[in-house]
Amino acid sequence: MDKNKSKLKQEIIYWSKRLYEKGMSPSTSGNISVRYKDNFLVSASGTCLNDLSESEIILIDKEGQTLDKSKNKPTSEKIMHIGIYNQRKDINAIIHCHCPILTSFAVAGIEMNKAVLPDFGLLFKKVQLVPYFCPSTKKLATAVKKVFKTDNVALLKNHGIILGAEDLKTAYYKLECLRAHAETYIYSKILGTPKTLSKKSIEEIEKIYKK
């Protein structure tokens with residue numbers, strides 16, 4: 001195994017543990033992938049991300065064929081990952097998880113579009129809702145791919161969330177930011193009526209960050 005491949009696998013293991021520890025990927029739910037040369041490294045099917053080992057990270061090609069000699073099978077959601085990578089050359093890492101607080105929006109059928117925190121307004125604007133399709137199917141992969149033409153994240157109705165970024169570290173922190181926004185929004189709903197930031201406020205934040 002070359003050093004770069006091994007390093008990427010260790011990165012996947014590290015961020016997988018972070019996901020589990022933060023309660024964003026309970027039990028054996030969720031999967032992670034990264035771009036590796038012209039192929040992709042993906043977590044294995046049926047594995048708990050907290051216990052992921054290098055042998056449970058599988059190399060697949062652009063058609064989803066396994067390139068490693070392994071007793072483990074790549075995640076059944078691989079076609080969803082591949083569809084995004086083949087369409088978006090700027091995305092090199094993808095996290096799909098069933099984070100309960102984020103998935104609650106997907107279950108309720110509510111698009112996340114209320115900027116109650118500056119980071120949400122700056123990073124996301126909104127998070128579109130993909131209609132329900134059976135997990136691991138081409139129909140779901142096609143629907144997600146459609147959203148990723150313009151966006152880097154999507155809620156999957158009655159399923160979970162998927163987010164892509166230039167690297168795994170960025171993907172993880174954006175996901176954690178999104179979870180914090182979801183929690184804040186829900187708690188503010190319990191306490192009263194959430195007050196959203198104005199378009200002018202968001203534009204002001206964007207100017208500051210551009211500097």
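Is Asn-158 buried, partly exposed or exposed? In this predicted model, in which local features need pLDDT of at least 70, side-chain atom pairs count only at pLDDT 80 or more, and totals for chains, interfaces and linings use all residues, Asn-158 is partly exposed, with a relative accessible area of 43%. Residues are numbered from 1 along each chain as its sequence is written, and side-chain values use heavy atoms, with hydrogens and water left out.

**View 1. Asn-158 and Ser-136, two non-glycine residues with positive phi.** Most residues other than glycine have a negative phi. Asn-158, with a phi of about 55°, sits in the loop between strands E6 and E7 (160-165); helices (H or I, at least four residues) and strands (E, at least two) are DSSP runs, numbered from the N terminus. Ser-136 has a phi of about 70° and lies in the loop between strand E5 (128-130) and helix H5. Ser-136 is likewise partly exposed, at a relative accessible area of 28%, where buried means under 20%, exposed over 50% and partly exposed in between (1.4 Å probe, protein chains only).

**View 2. Phe-148 in the loop between helix H5 (138-147) and strand E6 (153-156).** Phe-148 is buried, its relative accessibility being 0%. Leaving aside neighbours within four places in sequence, its contacts (heavy atoms within 4.5 Å) include Ile-84, Gln-87, Arg-88 and Ile-91, as well as Val-153, Ala-154 and Ile-162. Ile-84 is 64 residues away along the chain, yet the C-alpha atoms of Phe-148 and Ile-84 are separated by 6.7 Å.

**View 3. The crossing of helix H3 (residues 100-108) and helix H6 (residues 168-191).** The two axes, which are lines fitted to C-alpha atoms over the stretch in contact, with angles running from 0 to 180 degrees between N-to-C directions, come within 8 Å and cross at roughly 65°. H3 is therefore roughly perpendicular to H6, a class that covers 65 to 115 degrees. Ile-101, Leu-102, Ser-104 and Phe-105 of H3 meet residues of H6 that include Leu-175, Arg-179, Glu-183 and Tyr-185.

View 4. A disulfide is taken here as a pair of cysteine sulfur atoms within 2.5 Å. Cys-97 is in no disulfide, the nearest cysteine sulfur, that of Cys-99, being 5.4 Å away. Cys-97 is buried, with a relative accessible area of 0%, and Cys-99 also counts as buried, at 2% relative accessibility.

Methods: Parallel < 35°, antiparallel > 145°, perpendicular 65-115°, else oblique.
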